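Biologist: I am new to this kind of picture and would like to learn how to read one. Please walk me through it, feature by feature.

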Amino acid sequence: MRILKNELVNTIVRQTNKNVEYIILFSFLEDLIPVAIEFYRSSNIELKLASLRLFHGLSRSVQQLHTTFNDTICDILLDAIQSNHLPIVKTASAVICNSLLDFSICATVRQIDLFTFSLSLIRFVCFFKRLLSGGILDILLSFLTHTDHDLVINSIWAFRNLSYKSSTDVKQDILERKKKENNRFFSVISLLGLTIDRIYSLLQTTDDEQLLVCLLQLIRNCLQEKDIKTCLPILDSDRLLSTLEIISEKKYTDEVHREANLLIDYINSINNPVRKKL
């Protein structure tokens, strides 16, 4: 029985990159998710990786996220992303990155009328609230200085996805979260999140255009109308404008220039309400 289950999951994993619909079809098998969970809990690294690749395939479908991802899978992802085995960490980060893409999972409970959601969507919201409470922001932040390029890209991509339609307080946490630490003699306020200095350092020094696009999109997500009063002062509009103008003058791809120019126009419209009305 174990061999048959192994073959089933490995077959699905092999098909993930070839045909997403194939993996979605098999996900409806009643015992597939429990089998994948069982594999992750084994001591065999290859089985752990196979189960995470299955979750990666499922994470490409929002419908599957709504119906199959639960607290157990969330705990598995939080465990995997802190593994000492790099392929496991990278796959887990990719799953989380995909999972943060389509839905505003960071709205607070008071912002969500749960009675208007289906049971599957409620489960989906709870799944991501569990990710947040599990410290996913700090974990992703630590990857920004990792030597593995893919892991760096996954982390900034996840932050970008996380900022899409999320609540203002979560966006503030992403940019610069204040954490009070008490010791025997005094209290210390430490800054977490990306921090403004790190954001501007990346904007000014990175040669990675994929990372730059994600970062510019992250900033744009944090400057939606409901977030301006909180997030724009943190970013400092004058500093941001001058940095964006430098980016727009450099020899980047059209995509980078497009993102920079969108932000420039948007910030100018905020600073000039009359122009915005026109």
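Modeller: Let us begin with Arg130, which is partly exposed at 32% relative accessibility. In this scheme buried means under 20% relative accessible area, exposed means over 50%, and partly exposed is what lies in between, using a 1.4 Å probe and protein chains only. A word on the origin of the values: this is a predicted model, where local features need pLDDT of at least 70 and side-chain atom pairs count only at pLDDT 80 or more, while totals for chains, interfaces and linings use all residues. Residues are numbered from 1 along each chain as its sequence is written, and side-chain values use heavy atoms, with hydrogens and water left out.

Biologist: With which residue does Arg130 form a salt bridge?

Modeller: The general idea is that side chains of opposite charge can pair when their charged atoms come close. The rule used here asks for a side-chain nitrogen of Lys or Arg within 4 Å of a carboxyl oxygen of Asp or Glu. Arg130 pairs in this way with Asp75, and their closest N and O atoms are 2.9 Å apart. This pair links distant parts of the chain, since Arg130 sits in helix 8 (residues 119–133) and Asp75 in helix 6 (residues 71–80), 55 residues apart. Asp75 is also partly exposed, at 35% relative accessibility.

Biologist: How many salt bridges are there by this rule?

Modeller: The count comes to eight. Another of them joins Lys90 to Asp150, with the closest N and O atoms 3.4 Å apart. That pair links distant parts of the chain too: Lys90 is in helix 7 (residues 86–99) and Asp150 in helix 10 (residues 149–163), 60 residues apart. Lys90 is partly exposed at 24% relative accessible area, and Asp150 is partly exposed at 43%. Lys90 and Asp150 also belong to a salt-bridge network together with Asp148.

Biologist: You keep mentioning helices. How many helices and strands does the protein chain have?

Modeller: It has 17 helices and two strands. Both are DSSP runs numbered from the N terminus: helices are H or I over at least four residues, and strands are E over at least two. For the chain as a whole, 50% of the 278 residues count as buried.

Biologist: Which residues of helix 11 are buried?

Modeller: In helix 11 (residues 168–176), the buried residues are Thr168, Val170, Lys171, Ile174 and Leu175. Seen down the helix axis, these fall within an arc of 160 degrees, so they line one face of helix 11. That arc is taken from the directions from the helix axis to the C-beta atoms. The cover over these buried residues includes helix 9 (136–142), helix 10, helix 12 (196–205), helix 13 (209–221) and helix 14 (228–235).

Biologist: Which residues have the most contacts inside the largest nonpolar core?

Modeller: In soluble globular proteins, nonpolar side chains tend to be buried together. A nonpolar core is a set of buried Ala, Val, Leu, Ile, Met, Phe, Trp, Tyr and Cys residues joined through side-chain atoms within 4.5 Å. The largest one here has 75 residues, and Phe55 and Phe159 have the most contacts inside it. Helix 13 supplies the largest share of this core, eight residues. Leaving aside neighbours within four places in sequence, Phe159 is in contact (heavy atoms within 4.5 Å) with Leu137, Leu140, Leu141, Leu144, Ile174, Leu194 and Leu218.
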